[in-house]
Amino acid sequence: MFDETTGVTNMVLLDDCDEEKLIENLKKRLEKNIIYTYIGEVLISVNPYKPLSEYYDKFMFKNYNKSHAEENPHIFAISAKVFASLKEYRQDQCILISGESGSGKTEASKKVLEYIAKATSSDDIVQIIKDKLLVANSVLEAFGNAKTRNNDNSSRFGKYMDVQFDHMDQPIGGNILNYLLEKSRVIKQAHNERNYHIFYQLVNGADKWLAELLEIDKDIGYEYLRTDKNDSCDSFEDHQTFDEDSKKYKETLQAFKTLEFDLEETMDVLKIIASILHLGNVKVRAHDEICKIENIGTVFLVADLLGVPKDDLIFALTNKTIKAHDEVIQSSLDVETSNFAKDALAKAIYSRLFEWLVAHINRTLKTTVSKNGGRFNKNKSIGILDIYGFEILHNNGFEQFCINYCNEKLQKLFLDLTIKSEQQEYLNEGIEWTHIEYFDNTFICDMIEERHKGIISCLEDESLKHTDTGNNMILLNELARRFKHHKHFSCFQSTDCQIKKTIISPAEFLIVHFAGAVKYDASSFLEKNNDSLFGNLSQIMSNSTNIIIKSCFSDCLTPNKKIPETTIKQFKNSLNQLIITLKSKQPSYIRCIKPNHHKIPGNFDVEVVRNQVKYMGLVEILHIRKAGFTYRGKLEEFLDRYKSLCPDTWPNWKGRFTTAGDAVARLIDHLEYTVEDCKIGKTKVLIKHPRTVFDIENRFRASKHLLAATIQATWRGHVARVKYTQLKTTTIRCQWLIRRHLRRERLRRIKEHEIVVQKIVFIQKNVRRMLAMSAYKKKWNAALTIRNFIKGFMTINDPPNAYNCRFKTYRYKKYLIDLSETLPKSLIDYRWPEPPTCCVEISQYLMTLHRAWLSRIYRLDLAKRPGLYERLQFKLAASEIFKGKKSMYPESLKINFDNDRCGILRQLINVFPEDSNFNTTYMYATKVTKFNRRGYKRRERILAITANAIIFVEKTDKNQKIKDHLPLKYVTSLQMTSGTDNFLLIKVSGELEKSKGDVLLEVPHLVECVTIISAQSFTGTIDFIDMQTNSSMKHNIKNLKNPGYIEFIPVNVTERKGEIRKGSSGNLTITG
């Protein structure tokens, strides 16, 4: 930061804050080609009077978008700070570039624009705007800048440029305000000075075709380009100047294209410039007390270039027309007045052309995005003020008075916004502060502009009168009377000192400005203030065929009876408006210093610099910046920006702290800064060191990522909720529409249904009527039938008639139908329907025929099935055995006899494979239940009958085994009950050695089983024990003396009859 050879970059770091150290530091840095130095945030720029392209290029990218604390002082650095403030705080910014003429203000403003062009994006639309902003300076310099003794490119007008930015911080347009062009330079320049650049560019740079068209030639001596009326101008003899003018001319034409000047407009502008050059060469001479133009051809050329009638222009230059009370008075002009009119016309044309150029440039730079009240859509701007510097010339006139008045106002603004406001701010905030004295030029500004009392007021009053020499002297006398005792004003009439009178002439007055004392020649103040142009010349210009000239003088088409505003009044109003504009923006300052009066590179004139340092108040600024605070922001704004750095103040501090000061104190404490670093005033927070400010800012930037994520999440949630709400609203709307459609559809269907129902009801009504008529007819016919039936039944025994014959016929039919449905299907079925009386004979006959038919069918069936015959024989044998003896015998007749129940015989063949003759060996087989002789336990067995024996077979899951073999010759008898049971007692003879006693069985098909046994070689008897007369029957058990008993138990319940089970007495019981 500090080097003995280069000095300090920010002079607040100097140990001794005096004037000598400050100047010495500037000198050291200039010797090393370092022209920029900071005083706090104020940039000091020293004009090197030589190009430093490498220096600019080196820092262009180094300082690009960096923090201000990390940069070396440079105009790009302060431009970056201003641009960053615009983006971060969304507040309008302005850069105030001030200094004496020749200190480098114009170059500084161009560098600011250059940085803005580099720092923003380069899409097609933005690039066009940036190109226009950059080249606008070239045009304004060509038409508004001139070479002076102090500056080769001196701005002879004030310029304030506003660069507009959209919400994306991209330049979208601009606007230029110009102030007080030095019109007198068009017709006259001081020694070693030049007219405006455009004249020399056109003369030296125009090609042959254009030169011939405009009839300009660099070898011709133009009166308006002469610095000495007695000598020819030598401006065109310098080849270096010639080449520079030619180059600048091409740049100006290219700038016209970029700024959307069409070819016709460009040609009109060049014609106007050429016409002014030719107008200066018009010569007027006296002839018989009137004036005449010597070179009529030159006037004709001027008229052609301006597009006005030649005769009218000649007449207007040599005559004066006055209108008074509808009367026109014409008078010839003398030579002096004619030359004055010619010069006034040249000045008017050029000044109005300059105004038109500025207006045209503003139209091309017009912001395409309109402002509105939205927070993020409101356009912001950066203002760049490049205004003429303070001037002290050999001969200072009305223009220098206006320029120095403007510099007094800007100096006052600078002091108010820096030294005065800052010190007052410390007092208001209750911060301990030692007041620093400085030169306050408020009373100088009041002396110049105070209403009804100032110099401007006095000048306005005298301007209302005729403009002649006498009025100028009256002006000086009035100024002497008003400011006789003012220490910063003196004139020949007010001073008593003989020495001062020798210095100040009777036509001069002196003002001690903040930059020094300046003598003003008041001999032409009134005429320049009124800036009058003869009315006939104005009327001629307003009817020009040159579009630009006609536009410039359009206000002269209709004479205005209102007194026009004077030059100084217009300038004062526009200057006050400029001050208001600058106060509404956040200012940054560039103070330009010229190191010497001779434009010599490397020459550092200490006294010249000392004078500028003194009147700029740089030492006072240095004292305040060194003792003051870098950052001074409102408590609420500080919290709004940095509240996210402390958990206690984020996201809202108002509910946690009673005042903003308490919240800021907590935030500062959380950031671990001391009282020396930060002080909290009544309404603002003040931070001492820049490093602290940038440390807080760096923390805030680091926290932006988390905040961005939170904002993104919140925003996405909001978007999702909005989409959901829209979807919900749309869904509800769709549902409503669908329901409405369904209701309408339902209503339509209901209406259609009602129509259908009406038709159905109509059909039903007719159908019901038809059915009712049909039912009625049926009932009527039924009633007739019933009546006829009753009559027939009542007269059945009477002689035949229609009723009883019909009745008998019905009875015949009815009987035959019933008989057909109930005819017996078997010979053993003797059922026959009971016939009515009238059908008895027929019934007997039919029954005989039906029995005969059944007999025939049965016989035919027997012939077809031999086995059936055998079964019938068995049934006959069974009838002989059981009929009348066994109660269950009638039921057995319904069941056909079968010698193999459930395929048992086939199983028995598998048991006894040696028996190959199935039909002879096994006669009958069935499943039976055998009762144990002692405990009457039930056992399932297969009973098989052969020709000689009864075999009992036990069947298991795996095989079959013969359990008992009883030869029929040892069977003495078969005993059964007379009831409905299936019990069979086989009495076995005692001769059988293997006999265990009598066999007790329950046989499912008892009748067919006993019949088959009796049909074999059975010699025993078949006995039926009557259950009504006997209470039991007994059976023998081998090796027991006492027989077993089978008891009979009579029951009335039909379902229990025929049950065989062990009784409570231990005997086998049979219910019957």
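Is Tyr589 buried or exposed at 6% relative accessibility? At that value Tyr589 counts as buried, where buried means under 20% relative accessible area, exposed over 50% and partly exposed in between, with a 1.4 Å probe and protein chains only. The model is predicted, so local features need pLDDT of at least 70 and side-chain atom pairs count only at pLDDT 80 or more, while totals for chains, interfaces and linings use all residues. Residues are numbered from 1 along each chain as its sequence is written, and side-chain values use heavy atoms, with hydrogens and water left out.

Tyr589 also has an aromatic partner. Phe414 and Tyr589 form an edge-to-face pair, 4.7 Å centre to centre with 85 degrees between the planes; rings of Phe, Tyr and Trp (its six-membered ring) pair if their centres lie within 6.5 Å, and planes under 30 degrees apart count as stacked, over 60 as edge-to-face and the rest as tilted. Phe414 lies in helix α13 (residues 398-428) and Tyr589 in strand β18, so the pair ties together parts that are 175 residues apart in sequence. Helices (H or I, at least four residues) and strands (E, at least two) are DSSP runs, numbered from the N terminus. Phe414, at 1% relative accessibility, is likewise counted as buried.

Strand β18 belongs to an open sheet of 7 strands with mixed pairing, in the order β3-β4-β18-β5-β14-β8-β9; two strands pair if DSSP finds at least two bridges between them. The edges are held by β3 (36-39) and β9 (171-179), each with a single partner strand, so one side of each has no neighbour in the sheet. Strand β8 (residues 158-165) pairs with β9 in the antiparallel sense over 8 bridges, and Gln164 stands opposite Gly173 in β9.

Turning to the interior, 9 of the 9 residues of helix α6 (residues 197-205) are buried, so the helix is largely enclosed by the rest of the structure. Its buried residues are covered by elements including α5 (124-144), α8 (239-258) and α12 (335-364). The largest nonpolar core has 184 residues, and Phe199 and Leu202 are among those with the most contacts inside it; such a core is a set of buried Ala, Val, Leu, Ile, Met, Phe, Trp, Tyr and Cys residues joined through side-chain atoms within 4.5 Å. Helix α12 gives the largest share of this core, 13 residues. Not counting residues up to four places away in sequence, Leu202 touches Leu210, Tyr249 and Leu270, among others, with contact meaning heavy atoms within 4.5 Å.
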